[in-house]
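Hi,

Here is the structure I promised to pass on.

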Amino acid sequence: MNRTRQLTALALVVLVVAVSLVYDPLQYLNLQHLKQSQAQLRAQLALHPGAFTAAYFALYVGVTALSYPGAALLTLAGGAVFGFGWGLLIVSFASSIGATLAFTLARFVLRGEIEKRFGARVAEFNRGIEKDGASYLFALRLLPLVPFFVINLVMGLTRMRARTFYWVSQLGMLPGTAVYVNAGTQLAGIDSLQGLLSPALIGSFVLLAVFPFLMRQAMEALRRRKVYARWRHARPRRFDRNIVVVGAGAGGLVTAYIAAAVKARVTLVEAGPMGGDCLHHGCVPSKALIRSAALAQQIRNADTWGLQAAEPRLRFADVMRRVETVIRTIEPHDSVERYTELGVEVLQGYATLRNPWTVEVALAGGGTRELTARSIVLATGADPVVPPLPGLQDAGYVTSDTLWARFAGYEAAPRRLVVLGGGPIGCELAQAFARLGSGVTVIEAGPRILPRDDADAAAVVLAALQAEGIEVLTERRALRCERGADGSAIVVQDGDAERRIPYDELICAIGRAPRVTGYGLEDLGLVKDRKVETDGYLRTLYPNIYAVGDLVGPYRFTHAASHQAWHAAVNALFGGLRRFKVDYSVLPWCTFTDPQVAQVGLTEAQAREQALPHEVTRFDLDELDRAIADGERSGFVKVLTAPGKDRILGVTIVGAHASEMLPEYVLAMKHGLGLNKILGTIHAYPTLGEANKYAAGAWKRAHQPHRLLEWVRRYHDRMRG
């Protein structure tokens, strides 16, 4: 029904244009004809004032609504016939009503199609319009260099309210309308429409146009003054440093590195070991553990590759020592010595913000230092969330941070292991410890594991976990923990009953919470609902204080923290010249189970939630020569594209080396390359990367030009005689 209405409206516009071309009303809408007809028009006004005024008003509204040439001349006619006062009143309302009708027509006919094709980009643009649209529209209305009909049509494609469009247009067009109506009262002295816009007049309009932006800058200055009012006497006249960075995880290290690279004076403060959670508790140790566990599993399944399968002789203590060795090998990359050589002053100690420019450091070796900086970047990270389960403290638990120290002294993996949480961390650790000898149960409160990942991908991982003997309990709510004669146990809701699951160790892996306490952030008013909020430029409540990484999210990945760190460093150091808004639209993430899950852009579920039209192309790895040769056929490549287009909206890859296959798609999406470009790229044979090309080929086959191919078939038939 809506489509029919759109086509009807479009047909009406086409009809009006066609009639216009046949009868050529432009022959009457010219300056010479208006001069010749001025006396006649005034006579008609005197004879039939009401009817003439209504006809003029309707004509003006119609010309403007259909974006037809001649509005400027009709404005002159308004001044010539009605005089300045009445002319300004009539033209002002007629032009605003006509513009709103053009705005509505463009919205009715075109906006749905535009949103279908460019949904994500349009959504981002609409967020900007919602925030600053009235100011932008007002500025455009004041600039006579921008054709008003273009503004009407473009704004109709946005989510701006018609009421807002009308009143802003009414005010914004008033100065220009007044100039033209006044000129119309002096019609005899006008030789051309272009002559009305003198450089001085255009300059005046430009000043009016920038006035809203100047006002916004003034309001921003007032807001800053209000925010800093409490600390106005604390601001130093001269700063010791350009930037102080609190926290030496991924976000803090990259921020400090960039600041030093551009020759800023930067101090990095860290209370714990350099490298943060990723090096000591997260990415590095978990991947080292996963590699040892994967080798153990390969030994068990050696017959898959034509070798004799065997149960590996597990030496768990040696596995944990290897994990520690890997950490120690990588540590120099993030060390105090390296960053000092790069030009960063590194202080080991606890940082407390005393005011928006001053950081007090309680040094690890004793004593304190007070630092002042023009900008401060907070990169304090996050801590594992520990649920408030009754009895949990007595029964005992570890987190993804503390398990490494606890398990380092074990000769064997925990015999009975419960993992609370079925997200990426929980699934990775569950599979690794199961392969190293633990009996593992995963408890997930939601309907499935890996809730943020593609549903098909999660199903493949679930099947893999279950095939390895891991018990996965979904939609089970943990009720309490107990400590009894048989050791510790967790009790979960199991339908209408309760189920008691004994364990030797329980890993809490239900998420991470920002680390906000102990830095003086509460005293500065930076913490709200246990979070530090930032704007699109990563600025906090105080524009000179930035926050990055797990402290702010929304993605708690090492590479996301690094991505934010670049923006924070550049904005903090050069924001007075230019600021960069952080962009998460092409941010990849990977889950390192076996098979791995790698994703970028939208999943199918997200596309459906956003009502974004899309097509799905899938290529299964069991058809790929290299996957067959490697004995790693489980998985697929799934690509979401715009309907009928090769533009990539999102990619999910499931497979043994999915994380290594994803970057080609990340590059393509970042630089606007479609599947045709991937299809036209030579991929070495035999490699897993060929799967990307074959997925592009599957898309191409689904979009074959059948009509053209029929003509090609006829050509070949003819060529055979």
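Below is what turned up, spot by spot.

Bear in mind that this is a predicted model.

First, the cavity. If you want to find it on screen, pick out Ile 290, Ala 293, Ala 294, Glu 428, Gln 431, Ala 432, Arg 435, Phe 592 and Thr 593, which line it. Helix 13 (283-300) and helix 18 (424-435) each bring at least two residues to that lining, with helix 18 giving the largest share at four. Sorted by class, the lining comes out as five nonpolar, two polar and two charged residues.

Next, Gln 564, which sits in helix 20 (residues 558-574). Its relative accessible area is 1%, so Gln 564 counts as buried. Beyond its neighbours within four places in sequence, Gln 564 touches Leu 538, Val 548, Gly 549, Val 552, Gly 553, Pro 554, Val 582 and Tyr 584.

Last, strand 20 (residues 596-601). Six of its six residues are buried, so strand 20 is largely enclosed by the rest of the structure. Strand 20 pairs antiparallel with strand 19 (residues 589-591) over three bridges, and the two make a hairpin with four residues between them. In that pairing, Trp 589 stands opposite Gln 599. Strand 20 is also joined to strand 23 (residues 648-655), again antiparallel, by six bridges; there Gln 596 faces Gly 655.

Cheers

How values were computed
Residues are numbered from 1 along each chain as its sequence is written. This is a predicted model: local features need pLDDT of at least 70, side-chain atom pairs count only at pLDDT 80 or more; totals for chains, interfaces and linings use all residues. Side-chain values use heavy atoms; hydrogens and water are left out. On a 1 Å grid over the protein atoms alone, a cavity is a set of points where a 1.4 Å probe fits but cannot get out, and a pocket is an open set with protein on both sides within 12 Å along at least five of seven lines; lining residues have an atom within 4 Å of a point. Ala, Val, Leu, Ile, Met, Phe, Trp, Tyr, Cys and Pro count as nonpolar, Asp, Glu, Lys and Arg as charged, and the others, Gly among them, as polar. Buried means under 20% relative accessible area, exposed over 50%, partly exposed in between (1.4 Å probe, protein chains only). Contact means heavy atoms within 4.5 Å. Two strands pair if DSSP finds at least two bridges between them.
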